[in-house]
Amino acid sequence: MDRYPSEFAFELRTCRWAERAWPPADAGDVDSDRAIVVARQLGTKRRRWDTIVLECDRDGLRKRARFGPERLDSDLLDLVRNAPTEWAYYRDCLPEPDYPWRYVREAIHRADDRGILETRKPGNRIEIRRKWPYPDWLERIVAIENKPDLDASAATALGAQLEYDVAVGLADEVWIATQRTDERIEPVLFEDLPVEAGILALEPETLTAEVAWYPRSLAVDEPGTRILERPDGGRHDGSAARFEYIDPTAKRETRLAIAERAYERGWRSFVDTMRHDCRHFQLHTRDGHQLEPYCVAKGRCQTAAECSGNCGDFEPEPPAWRTRGWPIEGGPGKRCRQLLEDRRRRRRPGLSPLD
Ligand code: SF4
C-alpha cells in the first residue's frame with residue numbers, strides 16, 4: 001500500500017474521520033451519544049497533540065455556545081463561573097485573586113464587551129451579575145498522535161512523548177493513528193510503545209479505521225507526574241529521573257483551558273497559518289465534503305510549513321481578483337477562510353451561522 005504523501009495531509013484526514021466517526025465502532029463502552037469537537041495542534045507549553053477529540057455533553061455544548069465562538073481564557077472563566085445571580089459589588093462576590101484587582105476589572109470590561117456578563121455602575125462601584133451559568137460541557141479529552149509511517153526511530157521518539165502523556169494524565173485517552181497496512185498484524189504493534197496508548201489503523205482514502213490496540217483510560221482525577229529529566233541510560237548512569245507532581249485541581253483547569261481553545265479553533269484553522277492570499281492557494285474537495293488546501297504551483301496538498309512567507313513560489317493574488325464577482329470583500333483567499341469558518345461553526349450547535 002502506498003504511503004500517504006505527508007503527515008499534515010494524513011492529520012487532516014484523521015481529523016475528518018474523527019469528526020465523522022468518533023468513537024471507533026468497536027471501542028467498547030465509549031458513550032457514542034456525546035457530541036464531538038475536533039481540533040488540532042493544541043496542548044500545553046510542554047506538549048502539543050496532533051489531534052484532539054473533545055467528547056461533550058450535548059446539552060452542555062449547546063449552552064456553551066451562548067458564550068460565543070471565541071474561547072474564554074482563565075480570567076473570563078473565573079468571572080463567568082463565580083458571578084452571582086443577583087447584582088453584587090465585584091470584590092464582594094469574586095474570590096480574592098492572586099494578582100491585582102485591576103486585572104479583574106479589565107476582565108469584567110472584556111466580558112461586558114462580549115456580552116457574556118451583566119455589569120452596572122451605581123456610583124463608583126462596578127456591580128456584576130451572571131447572564132447564564134457556565135455549563136459543564138466537557139466530558140472527556142482524547143489525544144491522537146498521527147504517524148502514517150511509524151518506523152523504529154519515529155516510534156522511539158513517540159514512545160517518550162506518550163510516556164509523558166500517560167504519567168501526567170491530562171487526557172482521558174491517548175492514541176496513535178497510523179496508516180493501515182496490508183499486513184496480517186499491523187507493524188506498529190511490534191514497536192516499543194506504552195501499553196496504555198491505543199492504536200488506530202486508518203485508511204485515509206476511504207476513511208475506514210480499525211482499532212489495532214485498545215487504550216486504557218488515564219487517571220485524570222488523580223495527581224499527575226511530570227517527568228522533568230530522565231537518566232541518559234549510559235552504562236554508568238546511576239542517576240534517578242527527576243519529576244514533579246501536578247495536583248488534580250490544576251489538571252482540571254488546564255483541561256478546561258485546552259477545551260476552550262479547541263472549541264475556538266477546531267481543526268480547519270490550518271488556513272490561518274497558511275498563505276491563503278497567494279494566487280496559487282485553493283481549497284479542494286475530498287470525499288465530496290472535506291476542504292483540503294491545494295497548491296496549484298506544486299500540484300498537490302502543500303504542508304502548513306511550506307505555505308509560508310518563505311515559499312519561493314508565493315505570488316500575491318492580483319488586486320483585480322478582489323473586485324471580480326467574489327461575494328465578499330477580500331478575494332478568493334478570504335472566501336476560503338469564510339468557507340472553513342462556516343463549517344467550523346456548523347459543528348458547534350447553538351452558534352448562529354455567519355451572515
Ligand atoms: S505557492 Fe507557496 S505560498 Fe503559494 S499556495 Fe503554494 S505553497 Fe502556499
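Residues are numbered from 1 along each chain as its sequence is written. This is a predicted model: local features need pLDDT of at least 70, side-chain atom pairs count only at pLDDT 80 or more, and totals for chains, interfaces and linings use all residues.

Next, select α7 itself, residues 248–265. Helices (H or I, at least four residues) and strands (E, at least two) are DSSP runs, numbered from the N terminus. The 18 residues of α7 should span 26 Å at 1.5 Å a residue, and the end C-alpha atoms are 26 Å apart, which agrees. The expected span is 1.5 Å times one less than the number of residues.

Colour Ile258, Ala259, Glu260, Ala262, Tyr263 and Arg265: these are buried. Buried means 20 or more other C-beta atoms within 10 Å of a residue's own; exposed means 12 or fewer, partly exposed in between, with C-beta atoms placed from the backbone. Now show β1 (35–43), β2 (48–56), α2 (58–64) and β6 (138–146): the buried residues of α7 pack against them.

Last stop: Phe314, in the loop between β13 (290–295) and α8 (331–346). Phe314 is partly exposed because 17 other C-beta atoms lie within 10 Å. Leaving aside neighbours within four places in sequence, Phe314 is in contact (C-beta atoms, placed from the backbone, within 7 Å) with Arg275 and Cys278. Then pick Gly350: C-alpha to C-alpha, Phe314 and Gly350 are 39 Å apart in space and 36 residues apart in sequence.

Note on methods:
Contact = placed C-beta atoms within 7 Å.
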